[in-house]
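Here are my notes on the model you sent over.

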Amino acid sequence: MLDIFEIVHKGGVVLWSRSFTPAAATLAASPNSPVNHLVRSALIEGRVSGNETERDGYTIRWAVENKLDLIFVVAYSRMLQLTYVDELLETIKQLFLSLFEPVLATLVASLSGKDAARVLGPDALKTLFKGWDAIFDKVLKGLEDKAALAKKNRSRASQAQAKAAAAASSASTDAPLLPTTSSTTTVDAQEIAKNVEALKARLRCSPAGRGGRRGGKGGAGGGSASRSSTPGPESETDSPKKAPKKEMRRWGDKITTADMDALDFSTDKPSTTSSPAATPSDLSELVSASALGTRTSSGLYEVADLDASSDADELDFEFDIPAVATAAPQQKQQQGAFGSLFARLTGSKTLSLEDVRPALAAMKEHLMRKNVARDIAEKLCESVEKGLVGKKLGSFTSVKSEVRTALDAAITRILTPKTSTDILLEINRKRSAAKPALSASSVAAKPDPYSLVFCGVNGVGKSTNLSKVCFWLLQNNLRVLIAACDTFRSGAVEQLRVHVRNLSLLDAGTGRGEVQLFEKGYGKDAAGIAKDAIAHAREERFDVVLIDTAGRMQDNEPLMRALAKLVSVNHPDKILFVGEALVGNEAVDQLSKFDRALRDFSSSAAAGAGSGRGIDGMILTKFDTIDDKVGAALSMTYVTGQPILFVGCGQTYTDLRHLRVGHIVQALLRD
């Protein structure tokens with residue numbers, strides 16, 4: 001049974017709607033309706049391909065008419081398996097267009113995004129589509145009856161097949177199996193007898209052979225008796241002749257405290273003399289003057305943008321549209337001419353699937369060469385295809401330029417952030433939102449620090465890029481506390497301690513900020529350490545807490561549950577996924593499983609699975625190693641719809657960049 005069926009315009013005008021239950025009618029009128037979700041995800045963000053998606057227990061399917069920009073949408077319970085939905089959408093689409101196409105063309109042109117009910121009056125649409133309700137009900141009932149009859153026939157056929165199978169099995173059990181068993185047993189017995197005889201022959205010959213070998217060494221009279229009596233004395237007399245083994249060095253017993261001090265080359269080790277602690281010989285190695293950001297008129301330090309460094313003539317996305325294949329070999333030259341002419345089609349031609357399919361195939365291969373995941377490239381091409389088929393070309397517009405324009409718009413729509421990416425603004429808002437003092441004698445409540453969690457797989461550079469973000473925050477006069485919650489990897493705490501020491505030396509005497517490390521060693525609960533770190537930051541009035549977590553593979557459920565526990569206990573302001581820009585298909589798998597695990601494992605029992613916190617943003621590392629193969633950025637943004645906040649492009653603390661949408665689009669479309 002259906003719940004909702006609507007006919008809407010891409011501009012947001014609902015031309016006709018039908019709800020089959022009171023609950024469905026309430027849902028259709030709410031902002032969280034399945035149709036609104038479809039418009040946001042498929043039309044605005046372009047993150048849904050095909051003609052089916054799911055939302056809040058509903059399956060949503062649709063058909064598109066690009067000529068009039070109409071969408072036919074149906075929603076029903078996800079538990080139902082309705083086989084007639086595709087046929088229903090296509091039939092309703094054809095009937096609706098055949099009956100009202102002249103009126104719809106005039107109506108859509110006159111509305112231009114305005115509210116239809118406000119322009120035409122409250123009952124104008126009902127009058128305009130009078131009689132359509134009866135036609136829809138008739139078509140729906142016919143298809144439902146057809147589906148019920150087909151299901152009944154399938155049930156009868158399956159029952160008949162089951163009866164035939166049962167009869168065949170009962171007939172096969174009556175056949176005797178004794179001859180086969182006896183023959184098999186006879187063959188096995190013969191083989192076993194041959195093996196036994198061969199083994200006996202070997203045993204008869206082996207004593208003499210062994211005795212002869214020993215006899216050659218111990219004398220001619222060496223037999224079984226000599227063999228039984230000689231092993232003990234021989235082993236005793238031979239053992240002193242063996243070369244002594246090398247004695248293993250025992251580090252635990254040999255190393256003294258003085259030797260350990262001599263081998264300790266740490267620059268921050270405690271000194272027994274009154275001389276000051278050693279410092280790095282050259283602090284300029286920690287920062288790059290050419291990579292420093294800029295300061296605004298208000299004094300804020302902004303991270304520099306990633307330099308696109310490309311010429312305008314290199315930004316054309318060149319792909320060849322092959323000619324239509326024919327059977328005659330002598331027409332090969334004509335095929336090239338037709339292909340060239342086909343690529344230059346101009347005028348008011350209406351695009352068909354055959355027109356855009358060669359260009360879309362070339363576009364998909366181009367995106368995959370740019371390191372875009374295969375599934376994402378296919379879905380993006382499907383989205384562009386649905387927007388082009390049935391569209392009329394303008395004057396002096398070719399298929400190639402139309403496809404490139406549609407691809408540019410689709411990529412820009414996907415990459416454009418849907419939430420705020422200004423972390424400094426969010427930090428200042430949280431600092432200013434502290435509760436004021438209740439009275440003149442009371443003390444104002446201490447503000448909660450702004451917390452960021454860095455998570456990802458092993459070896460992608462979480463700790464390194466955390467220190468880069470810390471340097472950026474210190475330049476903006478913020479007090480930062482780094483929580484060492486990687487209690488598994490050996491050296492993780494020491495690595496953060498080195499970063500804190502270096503950052504403190506860089507900011508010594510500048511008065512711009514302060515950074516400290518909060519750690520409790522190894523083998524502890526990461527969620528508890530993060531909670532204590534946030535409480536310590538609140539007491540000491542730190543502005544930001546950066547929480548470093550252990551690397552983990554996306555398929556390791558126990559470790560993903562531990563990360564979800566850290567999130568659900570501490571409620572961080574941002575959850576940042578740190579991933580490599582080098583990966584393609586793996587980026588989709590990593591990010592989607594991290595996001596799904598966090599949503600499932602951090603959700604409460606009352607809210608249900610999938611209602612917890614997910615990934616809020618991404619940081620791409622090693623971006624300086626990929627040239628223009630920036631496909632991982634598109635793949636990761638497509639999966640979650642969340643923005644890429646920073647990219648890491650070097651080894652110093654200043655090698656952090658903002659990645660602009662225009663740069664990714666240019667790099668992806670560059671040939």
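1. Ground rules. This is a predicted model, where local features need pLDDT of at least 70, side-chain atom pairs count only at pLDDT 80 or more, and totals for chains, interfaces and linings use all residues. Residues are numbered from 1 along each chain as its sequence is written, and side-chain values use heavy atoms, with hydrogens and water left out.

2. Overall make-up. The protein chain has 23 helices and 15 strands; these are DSSP runs numbered from the N terminus, with helices being H or I of at least four residues and strands being E of at least two. Of the 671 residues in the protein chain, 39% are buried (under 20% relative accessible area, with exposed meaning over 50% and partly exposed in between, for a 1.4 Å probe and protein chains only). Take the contacts (heavy atoms within 4.5 Å) between residues at least 6 apart in sequence: 73% of them join residues at least 24 apart.

3. The five-stranded sheet. The order is S2-S1-S5-S4-S3, in an open sheet with antiparallel pairing; two strands pair if DSSP finds at least two bridges between them. Strands S2 (14–19) and S3 (52–55) are the edges, each pairing on one side only. From one strand to the next, the twist averages 20 degrees. Inside this sheet, S4 (residues 58–65) and S5 (residues 70–77) are antiparallel partners over eight bridges, and arginine 61 sits opposite valine 74 in S5.

4. The eight-stranded sheet. Here the order is S10-S9-S11-S8-S12-S13-S14-S15, again an open sheet, with mixed pairing. S10 (514–518) and S15 (656–657) are at the edges with a single partner strand each, so one side of each has no neighbour in the sheet. Helix H17 (residues 462–474) packs on this sheet and touches S8, S9 (479–484), S10, S11, S12, S13, S14 (644–648) and S15, its direction making about 170 degrees with that of S11. Such angles run from 0 to 180 degrees between N-to-C directions, and axes are lines fitted to C-alpha atoms, for helices over the stretch in contact.

5. Around S8. Strand S8 (residues 450–455) is joined to S11 (residues 544–548) by five bridges, and the two run parallel. Leucine 452 stands opposite leucine 546 in S11. S8 also pairs with S12 in the parallel sense, over four bridges; there, valine 453 has isoleucine 575 of S12 as its bridge partner.

6. S12, buried or exposed? Strand S12 (residues 574–580) is mostly covered, with seven of its seven residues buried. In a regular strand, side chains alternate between the two faces of the sheet. Both faces of S12 are covered: Lys574, Leu576, Val578 and Glu580 lie on one side, and Ile575, Phe577 and Gly579 on the other. S12 pairs with S13 (residues 617–621) in the parallel sense over five bridges, and glutamate 580 has threonine 621 of S13 as its bridge partner.

7. The axes of H21 (residues 585–601) and H22 (residues 631–640) come within 9 Å and cross at roughly 30 degrees. The two helices are therefore roughly parallel to each other (angles under 35 degrees; over 145 is roughly antiparallel, 65 to 115 roughly perpendicular and the rest oblique). The contact involves Ala587, Val588, Leu591, Ser592 and Asp595 of H21, and Ser635, Met636, Val639 and Thr640 of H22.
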